[in-house]
There are 2 protein chains.
Amino acid sequence: MSERIWTAGLVVIGDEILSGRTQDKNVAQVAAWLNVQGIRLAEVRVVPDVTAAIVEAVNVLRTRNDYLFTTGGIGPTHDDITVDAIAEALGVPVVHHPKALAVLERYYETRGGLTEARKRMARVPEGAELIENRMSGAPGIRIANIFVMAGVPHITAGMLDALTGTLEGGLPVISRTIGCWVAESEVAVLLGEVERAHEGVAIGSYPFFREGKTGANFVVRSTDQRVVDACIADLTARLEAESRAVVPDGI
Amino acid sequence: MSERIWTAGLVVIGDEILSGRTQDKNVAQVAAWLNVQGIRLAEVRVVPDVTAAIVEAVNVLRTRNDYLFTTGGIGPTHDDITVDAIAEALGVPVVHHPKALAVLERYYETRGGLTEARKRMARVPEGAELIENRMSGAPGIRIANIFVMAGVPHITAGMLDALTGTLEGGLPVISRTIGCWVAESEVAVLLGEVERAHEGVAIGSYPFFREGKTGANFVVRSTDQRVVDACIADLTARLEAESRAVVPDGI
């Protein structure tokens, strides 16, 4: 029986990413967190603060994947339209979540009170649950297979932390890396041969230029630790047979 | 007459981004470069090293936008499948480009010669032109409205440089930023009012937490410098009328 692979999609919402103003950090952190849960990030879409664009991306990726994550657009200002877009995608109304209102009321008690603008952060698509946010007042949102997270990376990190271990997944992907000061073109044939010789592995080749020299890291991935170890051993032996110095754990 | 807006899509190709191993830097650099050309980045999709996934993303985004850029997967190894996927998306065969072969032959003359693996980097969809790459042997590829670039960010930077000024675009988006040590929820209503009062501007609000304090940057965008300046002046005056200290050029 072949193992079931669990997948997730991610929609990154924000003009600031598409304008080049902000360097996204959520893709990498969501990807790494998902892998520990045994879930593979299958596709990312970065869309602007435009309702129709968010609705389209959410509807495609939530249907194709076991889970869908979004980041960005859940604050109190006029450009925060994620909640409305998700509600539209699901065909449900937007309501104020009583527990979110209570959380925000407590959080803003000593910070000037719960204004109308701040109440916006308690708005959720009807039927949603909250994802805890220890960093600031506004919680994340879970509805159906959708997880709505903050845009600010350290707040998203806290929300992921709150979700750790709660999602069903499969076997996590194990990876090991070796490095070599070589132009990848010199070992391209060898890499392809090694990948074909080890069923269930994928070998990624990542070239770089440092200190005026050409090198590459080779990443071996599989869900089976023994398969990864055997493939790394074989790849190392074949590179060393060509008198190439291999750097364990990569360069 | 309303001005024409030119748009581009970007497909980032690579398992290393989706696994969280590598922090993407191409979205931000392509976005910033496009803006200088008067072209807006309308959507980004990050897809794995899987032909069907690349073909789908390329076909949707090249049709929706004036231009389509891709990054990643143009090296000499078995996991570099971008050229084949683009050819499939366009329904054309893959051929060796004579000029690319000549460039690679010259580049590898003193580096061990042009092997079969290295010849892979001269493969292009039939009908393609080359994009110059001063950094390493392998050129980028231009075919129809598609621009195929490297995954390694400094090589992509060189290819963008070679393309500067060659693409038709519209007016670049002008942006100005001011900062304020305030929770964005306290000025959310004000921000919305200012945006509505200035036609053709978009105001983005980007909160952060630094040195234990809450702050936000407000970015005003428009294609008209005078409109941006007027909006910034109005926003500054309204914030100062509430006794909030405004930091010019952002925090």
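Author: Begin with pairing: two strands pair if DSSP finds at least two bridges between them. In this predicted model, Arg45(A) has Arg45(B) in S2(B) as its bridge partner. Three bridges join S2(A) to strand S2 (residues 39–47) of chain B, and the two strands run antiparallel.

Reader: How many residues does each chain bring to the contact?

Author: Chain A brings 47 residues and chain B brings 47 residues. On the side of chain A that touches chain B, S2(A) gives the most, with seven residues. That side divides into 23 nonpolar, 13 polar and 11 charged residues.

Reader: What is the order of the strands in the open sheet?

Author: The order of its 12 strands is S6(A)-S7(A)-S8(A)-S3(A)-S1(A)-S2(A)-S2(B)-S1(B)-S3(B)-S8(B)-S7(B)-S6(B), and the pairing is mixed. Strand S6 (129–131) of chain A and strand S6 (129–131) of chain B stand at the edges; each has a single partner strand, so one side of each is left without a neighbour in the sheet. On average, neighbouring strands are turned by 20° against each other, direction ignored.

Reader: Which strands of chain A does helix H3 lie across?

Author: Helix H3 (residues 51–64) of chain A lies across strands S1 (6–13), S2, S3 (67–71) and S8 (146–149) of chain A, and runs at about 170° to S1(A). In chain B, helix H4 (residues 82–90) packs on the sheet, touching S1, S3, S7 and S8 of chain B.

Reader: Into which domains is chain A divided?

Author: Chain A is divided into domain 1 (6–163) and domain 2 (174–248). The C-alpha centres of these domains of chain A lie 38 Å apart.

Methods. Residues numbered from 1 in each chain as written. Chains lettered and ligands numbered in written order. Predicted model: local features only at pLDDT ≥ 70, side-chain atom pairs only at ≥ 80, totals over all residues. Contact = placed C-beta atoms within 7 Å. Helix = DSSP H or I, 4+ residues; strand = E, 2+ residues; numbered from the N terminus. Nonpolar A, V, L, I, M, F, W, Y, C, P; charged D, E, K, R; others polar. Domains from an automatic or database assignment. Axes fitted to C-alpha atoms, helices over the stretch in contact; angles between N-to-C directions.
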